[in-house]
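Visitor: I would like to go through this structure term by term. Please set each value against its cut-off.

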Amino acid sequence: MTNVDDIISGIDTLRPIPPVAAQIMALAEDENSSMSEIADLIVHDPSLTASILKICNAAYFGLSRRVDSVRDAIVLLGLDEIIELVLLNATAENFRDEPDGYGLGEGELWQHAVLSAYAAKILAESHGFTSQKHLVFTAALLKDIGKIIMGRFVAFSYEKINILVHSRGYSFNEAEKEVIGINHEELGARVGQKWRFGDQLIYMIRHHHMTDKTARDDPETALVYLADIICMMIGFGTGVDGLAYRFYSEVLDRMKLTEKDLQNVIFDTGQRRQKLDKLLYLV
Amino acid sequence: MLDTHISHQPISVMTAVNFGELKLSRNPAETLVAFSIGAGIGVTMYDPVIKVGGLLNFVLPDSSTMSSSQAQFHPFMFADTGLAAFSDALHNIGAKTDNLKVVIAGGAQIMDQTAAFNIGHKNHQAVTSYLGEKKLAVHYADIGGIFMRTLRLDIGNGDNLIQTLGQTEAKV
Ligand SMILES: [Fe+2]
């Protein structure tokens, strides 16, 4: 049997988020931080500036002229978009190596991460959480980072997990916990601790499947949860775990999300999905 | 006019039918495939007499819940407008309703997903009622559960292959 400590030590195989991106994440998480603070951080980091300019000048954005400074990029695309690009750029490398075990094809974990980040942002903006949209975007982007490490352990124990899920009514994360001793939510939270994420971001990663009843009262975590189940329903970048997670209608009720709202977000996210492929490999 | 893709070339080819798309083919060397269907439903219709068929990959039951422009520009996202466009397109290329072999796959649900929010179930109801109205029999249905599915239609022989990720495979 695998020792949970061995699994946790796998965190060291990930590529840490660059310090400047971590600072931007922390500022984006802080409602009191100003936009200019974030812009300053980008401007003062030459390698991040170079990446951002390269991305912004790609045909994807269809800008009418060449962008040659971060200030310029912010004016043309808006700071929100630039922050999102910084976050995507900082996390892409880890997510590109798809883990074994979840039955995911090339790049599918990354596709799911990015689409759920945009779905979470759409939800945050439409449900009165605009000021937390970067936090929610980041949490949705990183929520399954534990899967990168968990993958080979899931592959090793897949038969047992499969029986629990398909014959005994376990959700996939409940089965991971039962069979392996830790699930991808807990492992993701460990990554967050190691990388010194803020407490709220760690909490959102830790509870994104809402198994813990108190988490269902936390609106920001609820947005990440909803974004995730919407991407599962759309069927984007989901593997053998499929839709084997629990649905809590009380979360939708508490967020005042009606059936029509849900369908609208599925539609908007679906539209976003159609445009996403090009962006995925740009960052 | 609806932008549907019709393929003619006699080369062996696999064509992906993405989420919110409809594709038709009369190329016997072509296989249409919808990967990772979740709560949406992949529908194939095939006329074995003239060897023409198509695949619709929709995700929502009812276009009337959206603004009309959304439904108008994205008809294949929805069961009602998608299926109507699918039938019309097949008819336009000479398929006969009486001949059609219909296969549906998808409609998965999150565990414990309740009635009002159960998009997979509503999608299934929407397809069933549309096909019922048109008196079209379903040859094979693989619906529900917590699985992701991939649906393929081989235009050469009308065979469908339904793969359930991590589980089973059915040729129908
Ligand atoms: Fe997850």
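Guide: B:Lys135 has a relative accessibility of 75%, so it counts as exposed. The classes are buried for under 20% relative accessible area, exposed for over 50%, and partly exposed in between, with a 1.4 Å probe and protein chains only. This is a predicted model, in which local features need pLDDT of at least 70 and side-chain atom pairs count only at pLDDT 80 or more, while totals for chains, interfaces and linings use all residues. Residues are numbered from 1 along each chain as its sequence is written, chains are lettered from A and ligands numbered from 1 in the order in which they are written, and side-chain values use heavy atoms, with hydrogens and water left out.

Visitor: Where is B:Lys135 found?

Guide: B:Lys135 lies in the loop between H3 and strand S8 (138-143) of chain B. Helices (H or I, at least four residues) and strands (E, at least two) are DSSP runs, numbered from the N terminus. B:Lys135 has a positive phi of about 55° although it is not a glycine.

Visitor: What makes the span of helix H3 of chain B agree with expectation?

Guide: The expected span is 1.5 Å times one less than the number of residues. For the 15 residues of H3(B), residues 119-133, that gives 21 Å, and the end C-alpha atoms are 21 Å apart, so the two agree.

Visitor: How do you know on which side the buried residues of H3(B) lie?

Guide: The buried residues are B:Ile119, B:Gly120, B:Asn123, B:Ala126, B:Val127, B:Tyr130 and B:Leu131. They cover an arc of only 125° around the axis, which puts them on the same side of H3(B). The arc is taken from the directions from the helix axis to the C-beta atoms.

Visitor: What do the buried residues of helix H4 of chain A line?

Guide: In H4(A), residues 46-56, the buried residues are A:Leu48, A:Thr49, A:Ile52, A:Leu53, A:Ile55 and A:Cys56. They fall within an arc of 160° seen down the axis, so they line one face of the helix. The face turned away from that buried side carries the exposed residues A:Pro46, A:Ser47 and A:Lys54. Helix H2 (19-29) and helix H6 (79-96) of chain A are among the elements that cover the buried residues.

Visitor: Which residues coordinate the iron ion?

Guide: The iron ion is coordinated by A:Asp144 (OD), A:His184 (NE2), A:His208 (NE2) and A:His209 (NE2), at 2.1 to 2.2 Å. Donors are N, O and S atoms within 2.8 Å of the metal (3.2 Å for Na, K and Ca); water is not among the atoms, so sites may look incomplete.

Visitor: Why is the arrangement around the iron ion called irregular?

Guide: Four donors count as tetrahedral if all angles lie between 85 and 135 degrees; four count as square planar and six as octahedral if opposite donors are over 155 degrees apart and all others between 65 and 115; anything else is irregular. The 4 donor atoms here subtend angles of 85 to 175°, which makes the arrangement irregular.

Visitor: Is A:Asp144 buried or exposed?

Guide: A:Asp144 has 4% relative accessibility, so it counts as buried. A:His209 is also buried, with a relative accessible area of 4%.

Visitor: Which residues have the most contacts inside the largest nonpolar core?

Guide: They are A:Ile82, A:Leu88 and A:Trp110, in a core of 130 residues. A nonpolar core is a set of buried Ala, Val, Leu, Ile, Met, Phe, Trp, Tyr and Cys residues joined through side-chain atoms within 4.5 Å. A second, separate core of 25 residues includes B:Val52 and B:Leu90.

Definitions and conventions:
Contact means heavy atoms within 4.5 Å.
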